[in-house]
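Please work through the following exercises with the sequence and the model at hand, and try each task before reading its solution.

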2 protein chains.
Amino acid sequence: MTDLSADPGRARPDGPPLAARLAASVRTRDSGLGPLAGFHDWFADASRRAFTHVERVGLDELSGWSTDPATGDLAHDSGRFFRVEGVDVHHPDGPLPRWAQPIINQPETGILGILVKEFDGVLHCLMQAKVEPGNINGLQLSPTVQATRSNYTRVHQGRAVPYLEYFRDPSRHRLITDVRQSEQAAWFLRKANRNMVVETTEDVELLGGFRWLTLGQLHRLLRENNVVNMDTRTVLSCLPFCDPGAAGPAEASGAGADAFTAALLRSCAGGKDPVAEAEGVDEVLRWVTEVRSRPEVGVTRVPLRGLPGWTRAAGAITHESGRFFEVIGVDVRAGGREVRGWTQPMVRPCGDGLAALVVKRVDGVLRVLVQALVEPGCLNVCELAPTVQCVPDDLAVLPPAARPALLDTVLNAPPARVLFDATLSEEGGRFHHALTRYLIVEADEELEFDHPDFRWMTVRQLSGLLRHSHYVNIQARSLVACLHSLSERDDTTH
Amino acid sequence: MTDLSADPGRARPDGPPLAARLAASVRTRDSGLGPLAGFHDWFADASRRAFTHVERVGLDELSGWSTDPATGDLAHDSGRFFRVEGVDVHHPDGPLPRWAQPIINQPETGILGILVKEFDGVLHCLMQAKVEPGNINGLQLSPTVQATRSNYTRVHQGRAVPYLEYFRDPSRHRLITDVRQSEQAAWFLRKANRNMVVETTEDVELLGGFRWLTLGQLHRLLRENNVVNMDTRTVLSCLPFCDPGAAGPAEASGAGADAFTAALLRSCAGGKDPVAEAEGVDEVLRWVTEVRSRPEVGVTRVPLRGLPGWTRAAGAITHESGRFFEVIGVDVRAGGREVRGWTQPMVRPCGDGLAALVVKRVDGVLRVLVQALVEPGCLNVCELAPTVQCVPDDLAVLPPAARPALLDTVLNAPPARVLFDATLSEEGGRFHHALTRYLIVEADEELEFDHPDFRWMTVRQLSGLLRHSHYVNIQARSLVACLHSLSERDDTTH
């Protein structure tokens, strides 16, 4: 359905098309600007400089934040940033037909932007070693700019956001990607951020805490636990990797690659039959329409005070089961950030998440199994999610139907079938120590899984949907980024 | 961007593709099932049978509807159908930065479905002569099925909805179109209905009040005032007319047609340069992202009671200016509908609307000028709207900046430039005598109109977006249907 032949990212009219330039950057592990080995010294050094102290405090002790006397909602005194509110969720078709929960309402659209530039003919991404209070390890690798409107309009009187001008006025440069995408709809009410990639040919001053990395280097770092942050992953997933015209027939057919890589590249390039490919996308769009039109999912804002099943005590809001998540307060003192100290509420999950994508090869083309998942914060009822998305520890207090159908398949997969396995962090600005195990598991070609909530798709079909908002959820987008990182699995190229 | 070569509507594997079959139906004015001339006799006869009496009553006199004692909101005692609530709208970048208004909250997704079937090798649409209480003329031509979930789950104990089974279980048939689309976001809060077209090869019993019509016949009727209803128009707009592969080079180049028709057909088929065409769509998607990410449009639900500027008196809710719209009550007694009598609130606009599309030929390809319009009920901030969309009488009480830039251009266009001009009704189930003048005006190729809220697009680009939800608003979709009706302007083919 989606014709990816448009190419705003061709550097020169006669130069290589964008997808070829992206592919070249993916293949480059030893950049002229420094080998990947040097990254870890730089990162360790940045960690030492980025002093951060995060202390858990009671919600009553937050400074600048108040509890609404009528509703119990938590809000900043400026009216900006975000609010913690309550929702009553009615999902008549779901495993749990009704529940209430706190949710973060952050109407501001932020910018997640990666600045890219060619060095020695290879595209590099300007990445930032950034502290977030919720990060389990302090520093992670973030996009060039990761800023809410409150950040960049400087509501909190902090320092200016470096490199912001490339994203606030991208018309001076080459805008490669600019699409609004959702974030965790279990914890955020209808949140969206702009995912932007801007290419410049200007000289760019390299500030402390920033580093140019190739896509190949980023892909390698993605396999390390808790290094590449969530915002980087979502922006990477929106890059137009999949361009059959630009990739050229040799790459599209995976010449010289192993059979899996060849199947992945074919899946990115689209199948041999473009009509079938397009029909597949139309079928997916009709399926999404059908799921969104099932008996209405009702999400109603209700006061946070008195939310059924939840209690505010000892300075936190917790569920009576002790599961799901808590709303806690934190006191942050930091260097290397816009302001030196602040307090804020955060969501602290009570267990680690699991997001697993089951893939299989069909006629030499990789297919990925996605589900249309209803979550309370979805702007438009549901989005496409990984094959398995859950917090395993929470299943003990949920109805048996909440147990993902292929949970055991992915947890018990033989090691040779596990193509990707890393624990990565969710957004450290709102979530405290929110870790998710991301898995890509290859199933037998024979695996049949016919379920009205699931579909097999090619990577190209999924990437086509990523040009639009609110089709692919944040966990699935992380896995799309992880999947792209598998296109160069041969370590000898390092 | 959008590859329209997928063809779920090919009748047989070796048969003509869907777009060719649609084009053949467009060209057919004299169906074997009866010439268009017979339509008016049938329609007049249906009008005589469809007795309807609609009487305005006070909101306090509605039976089954209550005013919430706390909020003043109007709701049905069953909790179903819809509610009339209040919203506070904050649009810092708009001509009116802040206002409050009543709005209809109807979370149910309804079905607007047209059943199609080949007779003598030509596709026909099963249309219904349907009474709606808000119709200025009683009867209009509706889709085969036009039903809310409350209708078809029979909350109001009415009769079963005829032909519903084709749309509730479309897998037994050929699903040509199934996409959720918005409705008037000035009066509805985040409403969406499914727009469906289902083709069957089964025998279909023709019930009273229904008639098979070709697309050519529907297109002709579209030019008559208040005959083809809004729900029919939106479903017609979502049909995949634009398929260059299927249309064939002769049609795509407009052989045998006049220069305007040729330019329209080329616009439907896509330009000669598919890369430029796809880049154009990508540019539109990035523009929509940019508009949606401007300083936040805040829409907050507030109690209907005490809404600033609005008064509930004499059984209706009115604005202090006497402009915009009223919320009134109606008492309906009808034949030919699911139940025999009921009362309900309705929105009654205080002036007729204007929706005008400016088009021009560029290098022999028609371009249409759309704007990204923020309206309070938009699910996702804004949608693409006609060049001019306003209620002219309301402009007197709005800031001068609310006056559409090209209003005078369309109102003062010389007659030869006015390609379409008809007054058509908005949905008669919720709106009382809501009439809009729909205009298509051709501008000089020289007309430059460079404004950050506007873009020139081909019909193919616009149709590509219509495969997705919430990109093209209901007024623009009506105009897309009207535009398609211009592809057969030569009356000698009748």
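**Exercise 1.** Which residues in α2(B) meet which residues in α5(B)?

*Solution.* Before starting, note that this is a predicted model, in which local features need pLDDT of at least 70 and side-chain atom pairs count only at pLDDT 80 or more, whereas totals for chains, interfaces and linings use all residues. Residues are numbered from 1 along each chain as its sequence is written, chains are lettered from A and ligands numbered from 1 in the order in which they are written, and side-chain values use heavy atoms, with hydrogens and water left out.

Step one is to locate the two helices of chain B, α2 at residues 36–49 and α5 at residues 215–222, where helices are DSSP runs (H or I, at least four residues) and strands likewise (E, at least two), numbered from the N terminus. Step two is to look for contacts (heavy atoms within 4.5 Å): Leu36(B), Phe39(B) and His40(B) of α2(B) meet Gln217(B), Arg220(B) and Leu221(B) of α5(B). Step three sorts this contact by class into three nonpolar, two polar and one charged residues, with Ala, Val, Leu, Ile, Met, Phe, Trp, Tyr, Cys and Pro taken as nonpolar, Asp, Glu, Lys and Arg as charged, and the others, Gly among them, as polar.

**Exercise 2.** Describe how chain A and chain B meet.

*Solution.* Begin with the extent of the interface: 40 residues of chain A are in contact with 39 residues of chain B, and the two chains bury about 3,400 Å² between them, 48% of it on carbon and sulfur atoms. Buried area here is the accessible area (1.4 Å probe) that two parts lose on being put together, summed over both. Of the area that chain A buries against chain B, 17% is supplied by Arg180(A), Arg286(A) and Glu296(A), more than by any other three residues.

Next, count the salt bridges (a side-chain nitrogen of Lys or Arg within 4 Å of a carboxyl oxygen of Asp or Glu); there are four between chain A and chain B. Asp282(B) forms a salt bridge with Arg467(A), and their closest N and O atoms are 2.8 Å apart.

Finally, assign the surface of chain A to its elements: β12 (174–182) and α9 (274–292) each supply at least two residues of the side that touches chain B, and α9(A) gives the largest share, ten residues. By class, this side of chain A has 15 nonpolar, nine polar and 16 charged residues.

Technical notes: Axes fitted to C-alpha atoms, helices over the stretch in contact; angles between N-to-C directions.
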